[in-house]
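Student: Please pick one part of this structure and look at it closely with me. Then take me from there to the rest of the chain.

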Amino acid sequence: MKSGKSTLAAWLHRLSAEHLERVLAARPDAVSPPEPRSVSELAERLQRPGSVALALPRLPLPALQTAEALAALGAPASRDVLADLLNATEGRAARGLETALQTLSTHALVWPDREGALRMAAPLRQAWDTPLGLDQPLAALSKDTTSEELRRMLTALGVRPPGTKPQRLASLVEHHSDPARVAAVVAQAPADTRKLLKLRADPAYRPQAFVLFGSQPASEPGARWALERGLLVQHRYGYGPARMPAEVALALRGPGWHPPFAPAPPVTPLVPVSPAEVDSEASAAATAFAAHAASVLSVCATAPPARLKSGGVGARELARIGKAARCEETVVRLTLETAYEAGLMARDGDRVATTDAYDTWAESEPAERLPVLLHAWWTLGLTPSQARDNDNKVLPALAGTPSCAGCLQARKGLLTAASRLPAGQGAKNAAELGPLAHWSRPLAEVLPQDAMPFATVIREAELLGVLARGALSPIGAALLADSTEELAAACHRLLPAATATARFGSDLTAVVTGTPTARLVTLLDSVADRETSGTASLWRFSPASVRRALDAGHRPDSIEADLGAVAANPVPQPLSYLITDTARSHGRIRIASAACVIHGEEPALLTEIATHRKLSRLGLRHLAPTVLVSRTPLEKTLAALRTEGYAPVAETADGTVRVERPRSPRATAPVPPLRRAVSRPSTPSRTTATPKQAELATRLAGAPLAHPAPDPCNGIPFATDTEEIIAGYATQIPHADVRQLAHAVDSGTAVTIEYVATTGSRTIRTISGLDLDPPYLYAWCHLRDAERVFTLSRIHAVMPPA
């Protein structure tokens, strides 16, 4: 086979049906519908860069370390050479290497050819710029080296050069592949050369980021001696740093150097845990979270949280919801994100409101509510309780951040690691599952706020009842198996039914054990104040809370009857007295809104005015036989009464009659003085243009018509497709900035942008390596020295790089 693809196809043809099914199950991203029609088409899909990129986060640490070592050796490579490099020739390490190769084979990333050499998918090699800190092999680096240069290198090494370029390159590769011969050559090198080669062979060495065009190959001390013998290779045209072939670097590192290889997972301290203990703790955690989630969403249904101008729910609203629902911010964030993902909440203008689906959810049993949120958590493309970003700034909830595949893998890696614990054993401390999960998914997202790997995800899993006593609960096992039926069965077994009764105390409290029903929550929230919620919820009655129910239209007898219907014990006498006493004083004073008041000494006259048909538009109402209130302001009421023939008078604020004296209109400003007469010519004369004005008029008349700049929203075609795409999403910048940003994307040049972050702060960022993926822009941020994701709609200006 000449190519990697054909070799992969041939290997797939040799697989058994069972092994081929494992490949398809391990790489579902590469075989999405329509299904491949042939093995060759399947091989082509498995070789796609995107397919390989999606497969890498699923690999455990030994598989990634093996793939990196194979990429450093350059495929095809011998299995024995790979084992020698990883120091995995015998014992536990050898078994770990075999397991890692089987994992890579299952994902169709590495496979043996007919000669037994290991080959790898071409995009997999591109996952590392310098695998193990090694550059490309000598054959790849020297492909542009001339035959004469190869002859001089072999001569300097004391090797008789063959006649053709391929033969000379093969001789040079054979020489440098022998560590002993390379060590003998380096031992004869000058001190500067030995120092330079030792530095370049160090795994921690990183080449310079920028090298000026035309820099001298021997600019570093001792470089020329190494270049003349092929220990370093310079680009044919003399630019870029001198590069050390992988064979030379491995030889200089010595036979005792081996890259890191962890075939076995880290040791986690374990303690005995029975299934009953796991079920008990998982039940308590799941029940408490179901109650907390119901409280949070009930608060949001009553008073929808406001969104920030930059998007998302800010810290002030999160604190308000947490205080009203009596739960911590982590639970509020977790509930909001999962409820939004499940469709129980949606953006409604400048707020986030509950949807119609919430009403159905709230009426269901806890065992039916929780699976909805659990499934949303399992598939959510972010870590819902993440509160800080990479710059340690507070993140809003529901900010609409891009989907994060590493966050998904963090949850899957955690549950996978917990599932591999011995039966009847749990982690002594749940946080110690972090290193084990990191070994299972080393490429998963680790949040900057985590002191230990996956601390935030572990905390979420404990709150949801997915982990209990350091072990995987039945709920977690059902999520890991992606079984809806098992998840529903586990929740019905672990979560008790909703409680429809409350126990009232003589201290004016109501206690509900477990998760209260929606009807019970509505009733108690209307007449009492909630103090705690969770496994048990407590409400406290007070004159203010009872008055709130009376203000809502409830009658004292109906309140007491409704409480008696849900009481597990007779309603205490103090509570009945509280309702009666509060109702006795309720409404003794009434307040009416009025724009003005009409009063007089003749009740019959006021009755006539109140029943006058043409005065009905004033909104008159009797408060007393001699008092009327009007919804219309005083002046309009006064005019309407006078129009109908009545003779009312107006009162001042102190009750005296207002005297109305008509005033003559006067000018508000002094009259200007008379102007003196100016003598004018009898015949009007035209103003003669000055020479400068005439010249300007001539230039304006002869200038060509200038058309306005093209408007991208007016049907005029864009210069490129990139401009049209960016203009559709970057709505905050003018067309000139759109064109500049599109040019930076197409040409690969750097550009400076003014960006409004999710926190609302404005920053100036210089970015390069732009990758457009609407509505996001992936780029290298020079300020943070890392890759960042920018939302196009939050870019407010585009400028040339500083």
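Tutor: Start with Arg530, which is buried because its relative accessibility is 12%. Buried means under 20% relative accessible area, exposed means over 50%, and partly exposed lies in between (1.4 Å probe, protein chains only). This is a predicted model: local features need pLDDT of at least 70, side-chain atom pairs count only at pLDDT 80 or more, and totals for chains, interfaces and linings use all residues. Residues are numbered from 1 along each chain as its sequence is written, and side-chain values use heavy atoms, with hydrogens and water left out.

What does the side chain of Arg530 meet in a salt bridge? It meets the side chain of Asp525, with N to O at 3.1 Å. A salt bridge here is a side-chain nitrogen of Lys or Arg within 4 Å of a carboxyl oxygen of Asp or Glu. Side chains of opposite charge can pair when their charged atoms come close. Asp525 is partly exposed, at 26% relative accessibility.

Now the sheet in this region. Helices (H or I, at least four residues) and strands (E, at least two) are DSSP runs, numbered from the N terminus. Four strands form an open sheet, in the order S9-S10-S12-S11, with antiparallel pairing. Two strands pair if DSSP finds at least two bridges between them. S9 (503-505) and S11 (529-532) are the edge strands; each has a single partner, so one side of each has no neighbour in the sheet. On average, neighbouring strands of this sheet are turned by 30° against each other, direction ignored. S10 (residues 509-513) and S12 (residues 536-540) run antiparallel and are joined by 5 bridges. In that pairing, Val511 stands opposite Leu538 in S12. Helix H26 (residues 518-527) packs on the sheet and touches S9, S10, S11 and S12. Touching, or contact, means heavy atoms within 4.5 Å. The direction of H26 makes about 160° with that of S10. Axes are lines fitted to C-alpha atoms, for helices over the stretch in contact, and angles run from 0 to 180 degrees between N-to-C directions.

Back to salt bridges. The structure holds 20 of them. One joins Asp557 to Arg555, the closest N and O atoms being 3.5 Å apart. Arg555 is exposed, with 54% relative accessibility. Another joins the side chains of Glu148 and Arg151, at 2.5 Å, N to O. These two are 3 residues apart in helix H10 (residues 147-157), so about one helical turn separates them. Glu148 is partly exposed at 36%. Arg151 is partly exposed too, at 29%. Glu148, Arg151 and Arg152 are linked in a network of salt bridges.

Ser142 lies in the loop between helix H9 (138-141) and H10. Ser142 is buried, at 2% relative accessibility. It touches Leu169 and Val233, not counting residues up to four places away in sequence.

Next, a helix pair. H5 (residues 61-73) and H7 (residues 91-106) pack at about 85°, with axes 8 Å apart. They are therefore roughly perpendicular to each other. Under 35 degrees counts as roughly parallel, over 145 as roughly antiparallel, 65 to 115 as roughly perpendicular, and the rest as oblique. On the H5 side, Pro62, Ala63, Thr66 and Ala67 meet Leu97, Ala100, Leu101, Thr103 and Leu104 of H7. By class, this contact has 7 nonpolar, 2 polar and no charged residues. Ala, Val, Leu, Ile, Met, Phe, Trp, Tyr, Cys and Pro count as nonpolar, Asp, Glu, Lys and Arg as charged, and the others, Gly among them, as polar.

One more strand pair. S13 (residues 596-599) has a covered face, Cys596 and Ile598, and an uncovered face, Val597 and His599. S13 pairs with S15 (residues 627-630) in the antiparallel sense, over 4 bridges. His599 stands opposite Val627 in S15.

Finally, the whole chain. It has 34 helices and 20 strands. Buried residues make up 43% of its 802 residues. Among contacts between residues at least 6 apart in sequence, 62% join residues at least 24 apart.
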